[in-house]
Amino acid sequence: MNCVIIDNEPNAIKKLSVLITDNFTDVTIAATCTTISTAVKAIHEHNPDFIFLDVELNGETGFDVFNHFSAPQFNVVFTTAHEKYALRAIKASCFEFLLKPIQLSELAQVIDKLRLKLEKDILKKLDILQKNINAGKNFNQIAVPTQDEFHFINTNNI
């Protein structure tokens, strides 16, 4: 699994990076960013499975990232010291919300949850692929990604 960390505080990036690298060997930090513009570039370049996204970013908000993606293909874990953003994060369909300072036990729960979701997505894709291969030229479903998951649509309904 690969991720991008977006936070305007270098110490917060460093702390989260250490927690990840010291405890989760299957998670790769593809990039760290301190602004929305660098984050957007990094997301396009690295195509992460998920991002850790701070809410307050020097005059911008983490929610501004969504203005650059019509259908994000990554999961979002908001990281902030401000509980007041929790409801807005949930409404933005975030995957999870971690309060700073981030505790290893809470991070572990989020990483486990991400593993399960990504595994489920892969199994769904493989199932559809197998069905389409078996159907030959007459495949009957396609996978359409949304922010939260893949939806499988019968081609007859298109």
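The face of helix α2 turned away from its buried side carries the exposed residues K41, H44 and E45. Exposed means over 50% relative accessible area, buried under 20%, and partly exposed in between, computed with a 1.4 Å probe on protein chains only. Helix α2 spans residues 36-46, and its residues I36, A39, V40, A42 and I43 are buried. Seen down the axis of α2, these buried residues fall within an arc of 165°, so they line one face of the helix. The arc is that of the directions from the helix axis to the C-beta atoms.

The model is predicted: local features need pLDDT of at least 70, side-chain atom pairs count only at pLDDT 80 or more, and totals for chains, interfaces and linings use all residues. Residues are numbered from 1 along each chain as its sequence is written, and side-chain values use heavy atoms, with hydrogens and water left out.

The protein has four helices and nine strands. Both are DSSP runs, numbered from the N terminus: helices are H or I with at least four residues, strands are E with at least two. From the N terminus on, the order of elements is β-α-β-α-β-β-β-β-α-β-α-β-β. The protein has 158 residues, of which 39% count as buried.

Two loop residues other than glycine have a positive phi. For N47, phi is near 45°. N47 sits in the loop between α2 and β3 (50-54), and at 54% relative accessibility it counts as exposed. For N58, phi is about 45°. The loop between β4 (56-57) and β5 (60-61) holds N58, which is exposed at 62% relative accessibility.

Salt bridges come next. A salt bridge is a side-chain nitrogen of Lys or Arg within 4 Å of a carboxyl oxygen of Asp or Glu. By this rule there are five salt bridges. One joins K100 and D7, with the closest N and O atoms 2.5 Å apart. K100 lies in the loop between β7 (96-99) and α4 (104-135), and D7 in the loop between β1 (2-6) and α1, so the pair ties together parts that are 93 residues apart in sequence. D7 is buried, at 3% relative accessibility. A network of salt bridges links D7, D54 and K100.

K113 forms a salt bridge with E96, the closest N and O atoms being 2.8 Å apart. This pair links distant parts of the chain: K113 is in helix α4 and E96 in strand β7, 17 residues apart. K113 is partly exposed at 39% relative accessibility. E96 is also partly exposed, with a relative accessible area of 23%.

R115 forms a salt bridge with D112, and here the closest N and O atoms are 2.5 Å apart. Both residues lie in helix α4, three residues apart, about one turn of the helix. R115 is partly exposed, with a relative accessible area of 28%. D112 is partly exposed at 40% relative accessibility.

The loop between β7 and α4 also holds P101. A cis peptide bond joins K100 and P101, with omega about -5°. L99 lies in strand β7 and is partly exposed, at 29% relative accessibility. L99 and A81 are 18 residues apart in sequence but 5.3 Å apart in space, C-alpha to C-alpha.

K100 and P101 are among the residues that line the second largest pocket, with I5, D7, A12, K15, L16, L19, T79 and I102. A pocket is an open set of points on a 1 Å grid over the protein atoms alone, where a 1.4 Å probe fits, with protein on both sides within 12 Å along at least five of seven lines; lining residues have an atom within 4 Å of a point. The volume of this second largest pocket is about 200 Å³. Volume here is the space filled by probe spheres set on the points, which are joined across faces, edges and corners. Helix α1 (residues 10-23) gives the most to the lining, with four residues.

Aromatic rings form four pairs. Rings of Phe, Tyr and Trp (its six-membered ring) pair if their centres lie within 6.5 Å; planes under 30 degrees apart count as stacked, over 60 as edge-to-face and the rest as tilted. The rings of F69 and F74 have centres 5.2 Å apart and planes at 85°, so this pair is edge-to-face. Both F69 and F74 are buried. F63, F66 and F78 form one aromatic cluster.
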